[in-house]
Amino acid sequence: MDDDLTQLLANNRAWAAAMTANDPEFFQRLVNRQRPAYLWIGCSDSRVPSSQLVGLLPGDMFVHRNVANVVVHSDLNCLSVLHYAVVVLKVRHIIVCGHYGCSGVHAALSNTSIGLVDNWLRHVQDVRNKHAAIIDACPSEAAQLHALCALNVIEQVVNVCQTTMVQRAWMQGQMFAVHGLIYDIADGLLEDLSLQVTSSDAIADQYERAVAQVAATLP
Ligand code: CO
């Protein structure tokens with residue numbers, strides 16, 4: 001392994017040069033302001049590169065990532081990102097994106113102790129316990145992980161919808177949708193979990209439909 005960042009810095013110079021060659025004004029346009037239409041809340045996993053896998057460029061997507069893409073009502077970090085995205089940037093889409101084979105979800109499912117992060121993953125264990133009937137009906141541990149990865153996204157979508165800023169913005173007539181997606185590391189494809197919430201009234205129906213779909217399509 002290299003002991004410095006020479007390669008990364010060289011990569012960066014080549015990338016910036018290629019971007020500028022393709023569009024001489026590209027970086028200059030971004031200097032003044034950002035106007036992303038999307039907020040992405042995803043897992044920190046290095047195999048799930050948010051902007052890259054949806055073909056977006058710098059300036060297109062505001063991003064928050066943490067272990068297992070968890071949205072916790074008291075997490076000031078995530079709430080601050082959400083607040084800025086909704087109130088200041090006025091994004092049109094909030095995407096919670098999980099991924100199959102998530103190590104964090106696997107640790108939560110199997111009660112594997114890693115250390116400090118165990119406390120964080122308690123939130124995913126709450127999801128597992130809430131949906132014990134679906135998890136217990138899975139024919140294998142792989143199927144359980146598959147289902148819990150999807151159910152975790154669904155629960156976090158609801159958590160986003162229930163934050164004060166999202167509730168207030170919808171009440172004030174601001175238009176944006178909260179979506180649940182899941183990414184498959186094995187083929188690079190996103191799957192829509194059939195969750196697209198655009199108002200407080202829609203949360204319960206969308207939630208129940210999405211959970212039922214997971215239960216009906218166990219691998
Ligand atoms: Co993950």
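**Strands and domains**

Guide: Gly 180 has Leu 195, in strand S5, as its bridge partner. The model is predicted: local features need pLDDT of at least 70, side-chain atom pairs count only at pLDDT 80 or more, and totals for chains, interfaces and linings use all residues. Residues are numbered from 1 along each chain as its sequence is written, and side-chain values use heavy atoms, with hydrogens and water left out.

Visitor: In which sense do strand S4 and strand S5 pair?

Guide: Two strands pair if DSSP finds at least two bridges between them; strands (E, at least two residues) and helices (H or I, at least four) are DSSP runs, numbered from the N terminus. Here S4 (residues 177-184) and S5 (residues 189-197) are antiparallel, with 7 bridges. They form a hairpin with 4 residues between them, and Gly 188 in the turn has a positive phi of about 75 degrees.

Visitor: How much area do domain 1 and domain 2 bury between them?

Guide: Buried area is the accessible area (1.4 Å probe) that two parts lose on being put together, summed over both. Domain bounds come from an automatic or database assignment, which gives domain 1 (1-33) and domain 2 (34-216). Together they bury about 450 Å², 72% of it on carbon and sulfur atoms. Of the area that domain 1 buries against domain 2, 81% comes from Phe 26, Leu 30 and Arg 33, more than from any other three residues.

Visitor: How many salt bridges are counted between domain 1 and domain 2?

Guide: A salt bridge places a side-chain nitrogen of Lys or Arg within 4 Å of a carboxyl oxygen of Asp or Glu. The count between these domains is 0.
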